[in-house]
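I would ask you to bring up the sequence and the model, and to keep both in view while I speak.

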Amino acid sequence: MPRLSESDYRSALEVLREAVAVDGPCPFPEPVLVALHRLVPCDVVAYHEGRPIAEPALVFTGEPRGEMTPETRAAHQRHLDQDPLTPVEGARKYSDFLSRRELHRLELYQEVSRPTGVEDMIRLWLDPDGAGNARLEFDRPDWGFRERDRTVLDFLLPHLRQFRRNAAARRRLSAGPPGAAGRLTPREREILELVAEGRTNAEVARLLWISPGTVRKHLENAYESLGVHTRTAAVAALAAPDGQTV
């Protein structure tokens, strides 16, 4: 495994800084993908989730060399059995499985990769079971991906998975009934959901990449909004119908 340089770690930390700042329903909006684009040189970085693999990305950054048309999406669906990048643990690229000549023989390449300008791809599954098809994809017009690219993505993977879980928790809370949750900020709701799981302030801070003092301050603000004085009462108020406090 290649050793990462100080510059690699700085770039990885920039990805984490951008992801920590996210408080919306998508874990990897454009600023996070831009940081990933700087970390792993490529044409396009895309985040997909909750859709069949042949459908468009939820969000992407970069300059595609060809358009993913309805025809190419349909072709991708037809030739999914030729795609070697099935759900696995860790980053994988086409060139791990196929030579360039072997890739070019595939209908998947002729009808999908070639028209869209993709010669090699790294796919990073955020759930090794493939749940929700959640994945990050990095496209290049050549065989330029390096082992260093795989190493730095594998280094980030546990953190990226946690950011996705945090975003899923925010979506659940925002989709819930109005009441107590409506009086809280997204970050306060996110912290209270982790508290409801029995996590300590230190554990919440580690999962969200913030300080324990920041966790404590958010909890104090949540208590004030909910009209309670303890974490137990705040969790109960969050779960109570119509936002009734207990």
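At what angle do the axes of helix H8 and H11 cross? In this predicted model, the axes of helix H8, residues 186-196, and of H11 come within 10 Å and cross at roughly 110 degrees. Angles from 65 to 115 degrees count as roughly perpendicular, and H8 is therefore roughly perpendicular to H11.

Let us look at the residues involved. On the H8 side they are Leu192, Val195 and Ala196, and these meet Arg231, Ala234, Val235 and Leu238 in H11. Sorted by class, the contact of H8 with H11 has six nonpolar residues, one charged residue and no polar residues.

The crossing in which H10 passes H11 is left-handed. H10 contributes Leu219, Tyr223 and Leu226 to the contact, and H11 contributes Arg231, Ala234 and Ala237. By class, this contact of H10 with H11 comprises five nonpolar residues and one charged residue, with no polar residues.

Let us move to a strand. Is Asp139 buried or exposed? Asp139 lies in strand E5, residues 135-140. Its relative accessible area is 16%, and the cut-off for buried is under 20%, so Asp139 is buried. Leaving aside residues up to four places away in sequence, Asp139 touches Cys42, Asp43, Val44, Val118, Asp120, Met121 and Phe145. As for Thr116, this residue is 23 positions from Asp139 in sequence, and the two C-alpha atoms are 9.8 Å apart in space.

Finally, the chain as a whole. The chain contains eleven helices and five strands. Of its 246 residues, 48% are buried. Among contacts with a separation of 6 or more, 64% are between residues 24 or more positions apart. The accessible surface of the chain comes to about 12,100 Å², and carbon and sulfur atoms account for 52% of that surface.

Thank you for your attention.

Definitions and conventions:
Residues are numbered from 1 along each chain as its sequence is written. This is a predicted model: local features need pLDDT of at least 70, side-chain atom pairs count only at pLDDT 80 or more; totals for chains, interfaces and linings use all residues. Side-chain values use heavy atoms; hydrogens and water are left out. Helices (H or I, at least four residues) and strands (E, at least two) are DSSP runs, numbered from the N terminus. Buried means under 20% relative accessible area, exposed over 50%, partly exposed in between (1.4 Å probe, protein chains only). Contact means heavy atoms within 4.5 Å. Accessible areas come from the Shrake-Rupley method with a 1.4 Å probe; for residues, only the protein chains shown count as cover. A crossing is left-handed if the near helix is turned anticlockwise from the far one by less than a right angle, and right-handed if clockwise. Ala, Val, Leu, Ile, Met, Phe, Trp, Tyr, Cys and Pro count as nonpolar, Asp, Glu, Lys and Arg as charged, and the others, Gly among them, as polar. Axes are lines fitted to C-alpha atoms, for helices over the stretch in contact, and angles run from 0 to 180 degrees between N-to-C directions. Angles under 35 degrees count as roughly parallel, over 145 as roughly antiparallel, 65 to 115 as roughly perpendicular and the rest as oblique.
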